[in-house]
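Keep the sequence and the 3D view side by side.

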Amino acid sequence: MTAEGAVPYFIQREGKMDPEAKKKVLRAFTYGLYVVGCRHYNDVNAFTANWLTQVSFDPPLIAVSVQKDGHSIDLIRASGVFTVAILPSGSRELAGLLGKPWKRVPDKVFQVEHFYAGNGCPVPAITLGYIECKVLSETDAGDSVVFIAEVVNAHWLRDGQPLTMAETGFRHAG
């Protein structure tokens with residue numbers, strides 16, 4: 001019940017959402033740009049992701065959104081582990097290469113100087129730092145799956161400014 005003249009807390013708008021407004025608002029969210037590395041036996045891949053966030057400090061947990069139609073989702077599910085690397089500012093070309101679909105560029109990770117973390121997953125050599133993660137759960141999220149993972153190890157390699165979506169001008173990564 002509302003007082004006379006008061007605006008209700010929630011007003012259901014009728015009609016469809018304006019697709020251009022939706023794009024503008026969602027693209028205005030600020031994002032970092034990361035490389036997620038994954039591996040199951042000899043099948044190795046890495047992809048550029050921006051839908052990633054820390055969700056807990058103790059224990060250290062992150063959430064990462066992975067496209068359902070990509071090659072990496074099966075590797076992550078099969079192995080239960082992945083890495084997340086922080087790219088330095090100025091590495092747009094690398095982010096673009098790793099952002100290409102595995103179906104078009106299945107050897108993309110091998111076109112990049114990299115090393116393997118303790119969990120066996122690839123990490124680009126130019127990374128500022130990276131984390132090794134163990135999957136705890138997954139949740140369906142439209143065209144993607146959100147993995148909740150525990151950070152089991154962290155490594156800081158060099159100082160620098162991280163690459164961001166705003167710097168690259170990309171519209172989507174992940």
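Which strand gives the most to the lining of the largest cavity? Strand E7, residues 122-124, does, with three residues. Keep in mind that the model is predicted. The lining includes Pro122, Val123 and Pro124. Val35, Ala46, Leu98, Val109, Val112 and His114 also belong to the lining. The space inside comes to about 40 Å³. The structure holds one cavity of 30 Å³ or more.

Now step back to the whole chain. Four helices and nine strands make it up. In sequence order, they give the pattern α-β-β-β-β-α-β-α-β-β-β-β-α. The chain has 174 residues, and 39% of them are buried. Take the contacts between residues at least 6 apart in sequence: 64% of these join residues at least 24 apart. The accessible surface is about 10,700 Å². Carbon and sulfur atoms account for 55% of that surface.

Where does phenylalanine 29 sit? Its place is the loop between helix H1 (19-27) and strand E1 (34-40). Phenylalanine 29 has a relative accessible area of 46%, so it counts as partly exposed.

Follow the chain past E1. Tyrosine 41 lies in the loop between E1 and strand E2 (43-49). Is tyrosine 41 buried or exposed? Tyrosine 41 is exposed, because its relative accessible area is 68% and exposed means over 50%. Its backbone also deserves a look. Tyrosine 41 has a positive phi of about 55°, although it is not a glycine. Most residues other than glycine have a negative phi.

Which peptide bond is cis? The bond from aspartate 58 to proline 59 is, with omega near 5°. Most peptide bonds are trans. Proline 59 is found between strand E3 (52-56) and strand E4 (61-67), in the loop that links them.

Strand E7 leads the lining of the largest cavity, with three residues.

Notes
Residues numbered from 1 in each chain as written. Predicted model: local features only at pLDDT ≥ 70, side-chain atom pairs only at ≥ 80, totals over all residues. Heavy atoms only, no water. Helix = DSSP H or I, 4+ residues; strand = E, 2+ residues; numbered from the N terminus. Buried < 20%, exposed > 50% of the residue type's maximum accessible area, 1.4 Å probe, protein only. Contact = heavy atoms within 4.5 Å. Areas by Shrake-Rupley, 256 points an atom, 1.4 Å probe, with all protein chains shown as cover. 1 Å grid on protein atoms, 1.4 Å probe; cavity = no way out; pocket = protein on both sides within 12 Å on 5 of 7 lines; lining within 4 Å. Points joined across faces, edges and corners; volume = space filled by probe spheres on them.
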